[in-house]
Amino acid sequence: MKFVKALTLSLGDINKPVITRYQLGLIIHSLYQAKEYKGESIGVQKDAADSRDFGKYLKLLLDEGLLAQPRGMPGSTYTLLGNTRWEVEDVVCTLDPFCYISHLSAMAYHGLTDRIPSKLFISSPGVKDWKVFAIERMKKDLKEDYTIYRDNSLPALSHPIIKKVGKKEVHCTHSKHLGAYRNVRDRNIRVATIGRTFLEMLRSPALCGGINHVLEIFDMHAEKYLRLITDEFDSNGNNMDKVRAGYIVEERLGIKNETVESWTAFAQRGGSRKLDASAEYYPQWSDKWCLSLNVFE
């Protein structure tokens with residue numbers, strides 16, 4: 001079997017909507033190391049591929065039309081011949097392996113809102129943390145070959161700048177933590193869990209349809225998902241997150257819960273704590289939760 005045929009078949013095996021330079025580099029490297037594809041020799045003599053080999057095969061794949069650079073996608077993104085159907089969410093989660101769908105997009109995915117987001121909202125680590133995760137991922141992918149791969153200047157896993165895919169704008173929020181998400185079966189996407197989605201709603205209501213819409217979602221769904229909400233806020237919420245959620249669940253909705261009641265310990269008198277952090281202070285408040293009720297419905 002010729003190397004190019006083995007390379008093309010290997011690209012089809014990864015079952016991704018798009019292919020990055022790093023993914024192509026991994027495939028070329030692994031074929032050079034194995035010197036065979038599914039038990040059949042591919043005629044490779046060199047011990048390891050280098051950047052010149054990578055450039056040669058990338059050019060060949062592009063010239064032959066086996067790979068294409070589609071419009072409306074970040075640079076160095078390729079699609080495989082015949083792969084014309086893809087979803088924006090799958091593309092973004094393939095390009096950024098550490099991001100997940102969040103905020104209003106996650107709300108829509110979970111059926112919490114009937115609004116259709118005009119943008120795709122994602123969360124991803126900041127650049128510094130992203131680079132650390134990238135090195136860890138490369139070491140996991142390459143194992144003992146990591147040093148060989150890097151010494152031969154093959155493409156590294158690099159941070160993508162994704163502002164738009166096709167006609168869909170992408171809004172990325174940098175998060176200190178990777179966040180709580182789940183992988184979706186039969187798709188290349190990661191979505192914030194329901195508990196994390198409720199946490200994001202109170203932290204960034206402007207990215208979730210606005211504070212009034214957030215309160216509507218709590219009104220409709222908080223009781224149903226109360227255990228998921230309390231677990232997430234208890235584990236990952238800060239004091240202010242818990243106070244805001246506590247007021248909504250306990251005082252606004254009248255739901256009694258031991259975990260929520262314990263959050264009253266984080267209520268502090270004085271200062272100007274507000275239900276909506278982005279709005280002005282208003283002199284109407286919750287005495288129990290020491291919170292300015294500065295939201296008008």
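Visitor: What share of the 297 residues in the protein is buried?
Guide: Buried residues, meaning those under 20% relative accessible area with a 1.4 Å probe and protein chains only, make up 48% of the 297. Bear in mind that this is a predicted model, where local features need pLDDT of at least 70, side-chain atom pairs count only at pLDDT 80 or more, and totals for chains, interfaces and linings use all residues. Residues are numbered from 1 along each chain as its sequence is written, and side-chain values use heavy atoms, with hydrogens and water left out.

Visitor: Thanks! How many helices and strands are there?
Guide: The protein has 12 helices and 13 strands. These are DSSP runs numbered from the N terminus: helices are H or I with at least four residues, strands are E with at least two.

Visitor: And is it spread out or compact?
Guide: Its radius of gyration is 24 Å, well over the 19 Å from the globule rule for 297 residues, so the protein is more spread out than a compact globule. The radius is taken over C-alpha atoms, and the rule is 2.2 Å times the number of residues to the power 0.38. Along the principal axes, the C-alpha atoms fill a box of roughly 75 × 35 × 30 Å.

Visitor: Switching to helix 9, which of its residues are buried?
Guide: Helix 9 covers residues 211-221, and its buried residues are Ile211, His213, Val214, Leu215, Ile217, Phe218 and His221.

Visitor: What do they pack against?
Guide: They pack against helix 5 (103-109), helix 8 (194-203) and helix 11 (239-252). Contact here means heavy atoms within 4.5 Å.

Visitor: What is it in contact with?
Guide: Leaving aside neighbours within four places in sequence, threonine 20 is in contact with Ser76 and Leu95.

Terms used. Buried < 20%, exposed > 50% of the residue type's maximum accessible area, 1.4 Å probe, protein only.
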